[in-house]
Amino acid sequence: MTTEDSHSNRKQEHLEICLTQDVRSGTTTGLERYALLHQALPEMALDEVDTATHFLGHALRAPLLISAMTGGTQEARKINRRLAIAAQSLGLAMSLGSQRAAIEDPRLLPTYQVRDVAPDILLFANLGAVQLNYGYGATECRQAVESVGADALVLHLNPLQEALQRDGNTNFRGLAERIADICQAMPCPVLVKEVGWGLSAWVAQVLCQAGVAALDIGGAGGTSWSQVERHRSASAAEAQVAEAFGDWGLSTADALVAVRQACPNLPLIASGGITDGVMACKCLALGADLVGMAYPLLQPAMESEQAVVAKLAVVLRQLRIAMFCVGARTIKALDRSRLFTRS
């Protein structure tokens, strides 16, 4: 089997496992510890709520990001295009799945290309940061961005997943310096995200110093890629190793609060187990500028773009009602004063 075939097979396995197995984290998002402060007298009309915002200079009709999911297979091509059509229709941002497969096999590039159906969206290209230790550099990063017409590049961090994968790329030595070099070399913003175990305050500060334009805290509480890799295990021993990490990581709420305190002025994306507009509202009040969702959109994306739009419309309505019921007319009005902690 060629390297390119193995990439495609792994992507297909990831899709099938996420759709058919319980791969939820053994921990919660932590957002249940917070409640939005209900205002029985909001002194506004529901139709006054304005969810519009800006992120990295791009206007969005709502602070939602369709987070990275897939690429590299024909099934992934359909999914990405349906997600992109929905993002275009609703004025949202979108991140593509890891593009390493297309860098190493250009025949897979069409599975990531969505600009023809989503010409106006804020679109993020995506590569694994660890690939900077395995021969990738500014050339490959520019290729990832330019080949899909993206507005920015996301470098994702996934040390636990790589450690659990057969033949994973586990040399994370010196990555902060290489990320800093890419931030300097790229003509577009560079973001860094965790894939589901959270960014700590210390890591966030290191990345801030490296010059990243934004961070996606990617907290625990949603899809656990250690659980996904457990289902991919070739032996009982491999599965046992992965199983121990089912509740690993910083929860979405803990990571968001810590990173916002560590980097008070840096644009932040909150992701990891966000399933509805009320959870999104909590994240925005805790300091996020954008809220990412992935898994709740996967099954709708298997069906049609209309199903994705319908799902997102529910989330957006939930967000609007939550803002109305805390008396926040705008996204900027959402802050910690709109929350209280549950006893």
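Reader: How many residues of the lining of the largest pocket are nonpolar, how many polar and how many charged?

Author: Keep in mind that this is a predicted model. The lining of the largest pocket splits into 15 nonpolar, 27 polar and 7 charged residues.

Reader: How do I find such a space to begin with, and about how much space lies in the largest pocket?

Author: The general idea is simple: roll a probe the size of a water molecule over the atoms and you see where empty space is left. Here the largest pocket holds about 1000 Å³ of space.

Reader: Which residues lie nearest the centre of the largest pocket?

Author: Look for A68, M69, V195, T223 and W225, which lie nearest the centre among the 49 residues of the lining. Two or more lining residues each come from helix 1 (3–20), helix 3 (100–104), strand 6, helix 5 (159–164), strand 11 and helix 12 (295–303). Helix 1 gives the largest share, with 6 residues.

Reader: On to the strands. In what order does the closed barrel run?

Author: Follow the pairing from strand to strand: the barrel has 8 strands, in the order 4-5-6-7-8-9-10-11, with parallel pairing. On average, neighbouring strands of this sheet are turned by 25 degrees against each other, direction ignored.

Reader: Can we take one pair apart? Over how many bridges do strand 5 and strand 6 pair?

Author: Strand 5 (residues 93–95) and strand 6 (residues 123–128) pair over 2 bridges, in the parallel sense. S95 stands opposite F124 in strand 6, and both S95 and F124 are among the residues lining the largest cavity.

Reader: Which residue of strand 11 is the bridge partner of L64?

Author: Go to V291. Strand 4 and strand 11 pair in the parallel sense over 3 bridges. On the strand 10 side, A270 stands opposite V291, and strands 10 and 11 pair in the parallel sense over 2 bridges.

Reader: Which way do the residues of strand 11 point, and are they buried or exposed?

Author: L290 and G292 point one way, V291 and M293 the other, and all are buried. Helix 11 (residues 277–285) lies across strand 4 (64–66), strand 10 (268–270) and strand 11 (290–293), at about 145 degrees to strand 11.

Reader: Last one, backbone angles: where does E43 sit, the residue with a positive phi that is not a glycine?

Author: For a case like this, check the angle, then the place, then the exposure. E43 has a phi of about 55 degrees and belongs to the loop between strand 1 (34–36) and strand 2 (53–55). E43 is exposed, at 58% relative accessible area.

D167 is another non-glycine with a positive phi, about 60 degrees. D167 is in the loop between helix 5 and helix 6 (175–185). With a relative accessibility of 77%, D167 counts as exposed too.

Note on methods: Residues numbered from 1 in each chain as written. Predicted model: local features only at pLDDT ≥ 70, side-chain atom pairs only at ≥ 80, totals over all residues. Heavy atoms only, no water. Pairing = 2+ DSSP bridges. Helix = DSSP H or I, 4+ residues; strand = E, 2+ residues; numbered from the N terminus. Axes fitted to C-alpha atoms, helices over the stretch in contact; angles between N-to-C directions. Contact = heavy atoms within 4.5 Å. 1 Å grid on protein atoms, 1.4 Å probe; cavity = no way out; pocket = protein on both sides within 12 Å on 5 of 7 lines; lining within 4 Å. Points joined across faces, edges and corners; volume = space filled by probe spheres on them. Nonpolar A, V, L, I, M, F, W, Y, C, P; charged D, E, K, R; others polar. Buried < 20%, exposed > 50% of the residue type's maximum accessible area, 1.4 Å probe, protein only.
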